[in-house]
Amino acid sequence: MTERFLLSEKPIDEAAVAALVASPGAGALVTFVGRVRARSRGHDVDLLEYEAYPEMVEGVFHQIAGEVHERFEVAAIAIHHRTGTLRVGDTSVVIAVAAEHRPAAFDACRYAIDRLKQITPIWKKEHGPDGASWVDERP
Amino acid sequence: MHVTVRLFASHREAAGVREIVVDLPAGARAVDALAACRRTHPALPSTNSGVAFAINRAFAGPDTVLADGDELAVLPPVAGG
């Protein structure tokens, strides 16, 4: 696995994503790991069904990385996202950011996950004992 | 002109198909293509609220004019992460 920006049906290895951005000059390496929660919006969740516009997702990840490099002093960023059916506790997304110092790494990682949730063409349907519904996270 | 409209998530389920090819007059915009889809697939959500568009895999505004052969993606509110 060598792609920094990836949409995959296979489980994500957090350490492997971090290794993609690590370098001798980067003294800070921040990873964000998103996992499937057991409860959402007041309902129990058994599994999440992710759907993506796969031909566009990796381009959007490149766009987010470009925005990150414009705004923060970071050395490298990697973004991997799952698609398909995930269960509670499964990892849905990993973002790894390497920077010389920790403030930029933390800030950039936060920015990247917020932007990912805002613009990436990925959807999820929650399945639980109360039924199934598509998630709409608009504020 | 012909435009291929890609549907996802709630739109895909409502329409029962992943894509619809629509025949549009010259000058038609992204929103016009979605309106054309609603005429043939009336179960599609009737609101444009929260819907974004991408043309040939790049984000585009709702009033962007389409060209023959374009792929228009209708993106309901996203929920990645």
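Predicted model: local features only at pLDDT ≥ 70, side-chain atom pairs only at ≥ 80, totals over all residues.
Chain A holds three helices and 10 strands. Read from the N terminus, their order is β-α-β-β-β-β-α-β-β-β-α-β-β.

The C-alpha atoms of chain A occupy a box of roughly 50 × 30 × 25 Å along the principal axes. The radius of gyration of chain A is 15 Å. A compact globule of 139 residues would have a value near 14 Å, so the two agree. Of the 139 residues in chain A, 34% are buried.

## Helix H2 of chain A

H2(A) has 18 residues. From its first C-alpha to its last it reaches 27 Å, close to the 26 Å expected at 1.5 Å a residue. Its buried residues include Met56(A), Val57(A), Val60(A) and Phe61(A). Ile64(A), Ala65(A) and Val68(A) are also buried in H2(A). As a rule, an α-helix has 3.6 residues a turn, so residues three or four places apart point the same way.

Glu58(A) lies in this helix too. Is Glu58(A) buried or partly exposed? Glu58(A) has 18 C-beta neighbours inside 10 Å, and therefore counts as partly exposed, since a buried residue needs 20 or more. Leaving out residues up to four places away in sequence, Glu58(A) touches Phe5(A), Leu6(A) and Leu7(A).

## The nonpolar core

The largest nonpolar core has 61 residues. Those with the most contacts inside this core are Val74(A), Ile77(A), Val97(A), Ala108(A), Ala112(A) and Ala33(B).

What does Ile77(A) touch, not counting residues up to four places away in sequence? Its partners are Val21(A), Ala65(A), Val68(A), Ala96(A), Val97(A), Ala108(A) and Ala112(A). Two of these partners, Ala65(A) and Val68(A), are among the buried residues of H2(A).

## The contact between the chains

Chain A brings 23 residues to the contact, and chain B brings 15 residues. On the side of chain A that touches chain B, helix H2 (54-71), strand E8 (91-99), helix H3 (102-119) and strand E9 (122-128) each supply at least two residues. H3(A) gives the most, with four residues. By type, this side of chain A divides into 11 nonpolar, five polar and seven charged residues.

## Helix H2 of chain B

Helix H2 of chain B spans residues 30-40, and its buried residues are Ala30(B), Ala33(B), Leu34(B) and Cys37(B). They cover an arc of only 100 degrees around the axis, which puts them on the same side of H2(B). The cover over these buried residues includes strand E1 (2-6), strand E2 (19-23), E3, E4 and strand E5 (71-75) of chain B.

Most residues other than glycine have a negative phi. Asn56(B) has a positive phi of about 50 degrees, although it is not a glycine. Arg57(B), not a glycine either, has a positive phi of about 70 degrees.

Where are Asn56(B) and Arg57(B)? Asn56(B) sits in the loop between strand E3 (52-55) and strand E4 (58-60) of chain B. Arg57(B) is found in the loop between E3 and E4 as well. Asn56(B) is partly exposed, with 14 other C-beta atoms within 10 Å. Arg57(B) has 16 C-beta neighbours inside 10 Å and so counts as partly exposed.

Conventions. Residues numbered from 1 in each chain as written. Chains lettered and ligands numbered in written order. Contact = placed C-beta atoms within 7 Å. Nonpolar A, V, L, I, M, F, W, Y, C, P; charged D, E, K, R; others polar. Rg over C-alpha atoms; globule rule 2.2 N^0.38 Å. Buried ≥ 20, exposed ≤ 12 C-beta atoms within 10 Å, placed from the backbone. Expected span 1.5 Å × (residues − 1). Arc of directions from axis to C-beta. Core = buried A, V, L, I, M, F, W, Y, C linked by C-beta atoms within 7 Å.
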